[in-house]
Amino acid sequence: MKVEFELWHLITLALTLIGMFTGLGKLLLMQFERRIDDRLGSFTEDSREWRETSRDLLILKAELAEKYVRREDYIRGQTVIEAKLDAISSELRNVQIQGAKRES
């Protein structure tokens with residue numbers, strides 16, 4: 001069995017193969033670009049959510065600092081009150097001790 005091709009058959013075959021490979025390449029590139037666009041779309045949605053979360057965290061930090069200062073002020077004030085009560089208690093003990101010494 002002998003197969004013979006003329007020149008124009010080979011040229012047509014070569015152009016057909018080149019066209020097919022070019023079409024397949026373009027198809028693959030389009031699918032690749034579509035996948036990249038889908039992924040980038042999810043990144044923009046994620047970045048929006050991250051921005052909102054970051055903003056919420058900054059608000060929480062500001063509120064926490066304010067509440068912490070209030071707590072510290074309360075503790076400081078409570079410490080002063082307790083120190084004054086302790087001083088009054090020791091003075092009362094001293095008065096009671098002196099009163100007991102005078103009676104005896």
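Predicted model: local features only at pLDDT ≥ 70, side-chain atom pairs only at ≥ 80, totals over all residues.
Colleague: How many helices and strands does the protein chain have?
Modeller: The secondary structure comes to 1 helix and 0 strands, where helices (H or I, at least four residues) and strands (E, at least two) are DSSP runs numbered from the N terminus. With a radius of gyration of 44 Å, well over the 13 Å that the globule rule gives for 104 residues, the protein chain is more spread out than a compact globule. That radius is taken over C-alpha atoms, and the rule is 2.2 Å times the number of residues to the power 0.38.
Colleague: What box do the C-alpha atoms fill?
Modeller: Roughly 145 × 30 × 10 Å, taken along the principal axes. Asparagine 94 and glutamate 45 are 49 residues apart in sequence and 73 Å apart in space, C-alpha to C-alpha.
Colleague: What share of the residues is buried?
Modeller: 0% of the 104 residues. Buried means under 20% relative accessible area, exposed over 50%, and partly exposed in between (1.4 Å probe, protein chains only). The accessible surface of the chain comes to about 10,300 Å², and 63% of that belongs to carbon and sulfur atoms. Those areas come from the Shrake-Rupley method with a 1.4 Å probe, and for residues only the protein chains shown count as cover.
Colleague: Switching to charges. How many salt bridges are there?
Modeller: The count comes to 2 salt bridges, taking one as a side-chain nitrogen of Lys or Arg within 4 Å of a carboxyl oxygen of Asp or Glu. Arginine 76 and aspartate 73 meet in one of them, at 2.9 Å from N to O. Lysine 2 also bridges to glutamate 4, with the closest N and O atoms 3.8 Å apart.
Colleague: How far apart are arginine 76 and aspartate 73 in helix α1?
Modeller: They are 3 residues apart there, so about one helical turn separates them. Arginine 76 is exposed at 51% relative accessibility, while aspartate 73 is partly exposed at 40%.
Colleague: And lysine 2, buried or exposed?
Modeller: Lysine 2 is exposed, with a relative accessible area of 69%. Glutamate 4 is exposed too, at 64%, and sits in the segment before α1.
Colleague: Which residues form the negative surface patch?
Modeller: Glu45, Asp46, Glu49, Glu52 and Asp56. Patch members have over 30% relative accessible area and no salt bridge, with like charges joined within 9 Å and nonpolar side chains (Val, Leu, Ile, Met, Phe, Trp, Tyr) within 5 Å. Aspartate 56 lies in helix α1 (residues 7-103) and is partly exposed, at 44%.
Colleague: What about the nonpolar patch, how much accessible area is there?
Modeller: About 1,200 Å² together, from a set of residues including Met1, Phe5, Leu10, Phe21 and Met30. Leucine 10 is in helix α1 and is partly exposed, with a relative accessible area of 43%.
Colleague: One last thing: where is asparagine 94?
Modeller: Asparagine 94 is in helix α1, and its relative accessible area of 38% makes it partly exposed.

Conventions
Residues numbered from 1 in each chain as written. Heavy atoms only, no water. Lys, Arg positive; Asp, Glu negative; His and termini not counted. Charge placed at Lys NZ, Arg CZ, Asp CG, Glu CD.
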